[in-house]
Amino acid sequence: MAFNDFREFLDLCRKERDLIEVDRYIDLNLEIGKALKKSYVNDGPVIIFKNNGTEFPAVGGVFGNRVKALRALNVKNKDVLSWFAGVIDKPVLPVIVQDAPCQEIIIEGEDVDLSKYPIPQFSSLDGGPYLTAGISISKDPETEITDLGHYRFQAIGKNYFGFMAQPFHRLGKNCTKANALGMKKFEMALVVGTDPALAYTCQIQNVPDSTDDWGLAGALRGQPVELVKCKTIDVEVPATAEFVFELEIDFETKVSEGPLGEFTGYMTPASEKPIARVKAVTHRKNPYFQVLLTGKPVTENHILKNIPLEASFFNFMKKQFPSIKDVAVNPSGGVQNYVVISMTQRYANDARHAILAAMSSNVRPKWVIVVDPDIDVHNSAEVEWALSFRVNPVRDVILVNNVPSAPLDPSSHGDTLQSKTNSTIGIDATMPFGEEYATVAEVTGWEEYEFPELDASR
């Protein structure tokens, strides 16, 4: 069952007693960041900051833990990877509507003022207030295929943002292509507050640039996304979104954007970027404004990325290695740098083949560990046990130098995002193929054992 809009998801969180509303004043400048960080560390609920100095409630913690992530997708944890792999190859095309709640209120021209919206500055080290929960909607300027993505937008002027889109991400590619075609300006929308399935669509990896993300979003929802055309630009947006910022990217006007605490847990420096000028803001009546803290793992940003990236990586790897049982692309590694795979080896050094395939994927991991199926890839203690007692380092460690790296990794080398390189390491932590190995000291049957006294104590 899909959520019709952001509000339906909030209502379910409220029903599950996983939402709180804060009436006292919480300052957008630094205080919201502190509140969200404390909540993440304590596995806290969705939070509605009702009193933040603007007329709009700010909502954080929507993707604050895996329970909320699974609730948003309406799927059980044990089924999520196979479910994801099953639906993303079955696109459901969107439908166009003429009238939409997201356009109940329309602000254009000189009336646009970004200071009226609850856009927080999360850290004193950040370059300013950042809109980080927005979904960017852009079209390939030649094919008009739509991309949904998460990119950072810094509110700098009264009516414009600075933003960062890495050159190998689809928004970056769309901008590069538009610029090469001689377009001085490029239209896109920034949407805040949607059915959570759309946010997960943004994180799906290992799909070709010819993929229209509205079809993927419909697949995750199990029904079409209703779209409406923007008022001032040629872009379609979700009809039930809380807010829509209609933007025009000006390639000829640059601004210093940054720094920001990124998903790596480190500050990224400021640099010159094109501006995204706001032509109009439309929103629902009595709307909610979603905010999202990123930075040192684990934050809401990492939880949001985790399931779709694991699922799309699992789907990518499973096609080459059908004996793979599970994968983890751990939040502690920024949902990129640290990958664990469990598999049954079909032949000698099958695990090495899987390691090399993972290294060459667009995830660009720095660490790839392969374990046997008896190891829970999401349990760090079990993975460390396999590393400790199933690895002969001189035989089982693979080091590859001078490969493309996660561009924002501060340990990588290169002057531009395109030139960043690093080393990557693979560890085969499986038992040797075709050889007798020590017997695991396990208490058989403990999982099925009925222990009512223990259950009653919880």
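Student: Which strands form the open sheet, and in what order?
Tutor: Four strands form it, in the order β1-β2-β3-β18, with mixed pairing. Strands here are DSSP runs of E, at least two residues long, and helices are runs of H or I of at least four, numbered from the N terminus. Two strands pair if DSSP finds at least two bridges between them.
Student: Which strands stand at the edges?
Tutor: β1 (19–25) and β18 (289–290) do. Each has a single partner strand, so one side of each lacks a neighbour in the sheet.
Student: How many bridges join β1 to β2?
Tutor: Five, and the two strands run parallel. β2 covers residues 46–51. I20 stands opposite I47 in β2.
Student: What about the model itself?
Tutor: The model is predicted: local features need pLDDT of at least 70, side-chain atom pairs count only at pLDDT 80 or more, and totals for chains, interfaces and linings use all residues. Residues are numbered from 1 along each chain as its sequence is written, and side-chain values use heavy atoms, leaving out hydrogens and water.
Student: New topic. How many cavities of 30 Å³ or more are there?
Tutor: Two. On a 1 Å grid over the protein atoms alone, a cavity is a set of points where a 1.4 Å probe fits but cannot get out. A pocket is an open set with protein on both sides within 12 Å along at least five of seven lines. Lining residues have an atom within 4 Å of a point. Points join across faces, edges and corners, and a volume is the space filled by probe spheres set on them.
Student: What lines the largest cavity?
Tutor: It has 15 lining residues, with F63, I135, T194, A199 and Q290 nearest its centre. The cavity holds about 70 Å³ of space.
Student: And the second largest cavity, what is its volume?
Tutor: About 50 Å³. β22 (397–404) and β23 (421–429) are the elements that give two or more residues to its lining. β23 gives the most, three residues.
Student: Which residues lie nearest the centre of the second largest pocket?
Tutor: M164, A165, P167, K273 and L417, out of 29 lining residues. That pocket has about 760 Å³ of space.
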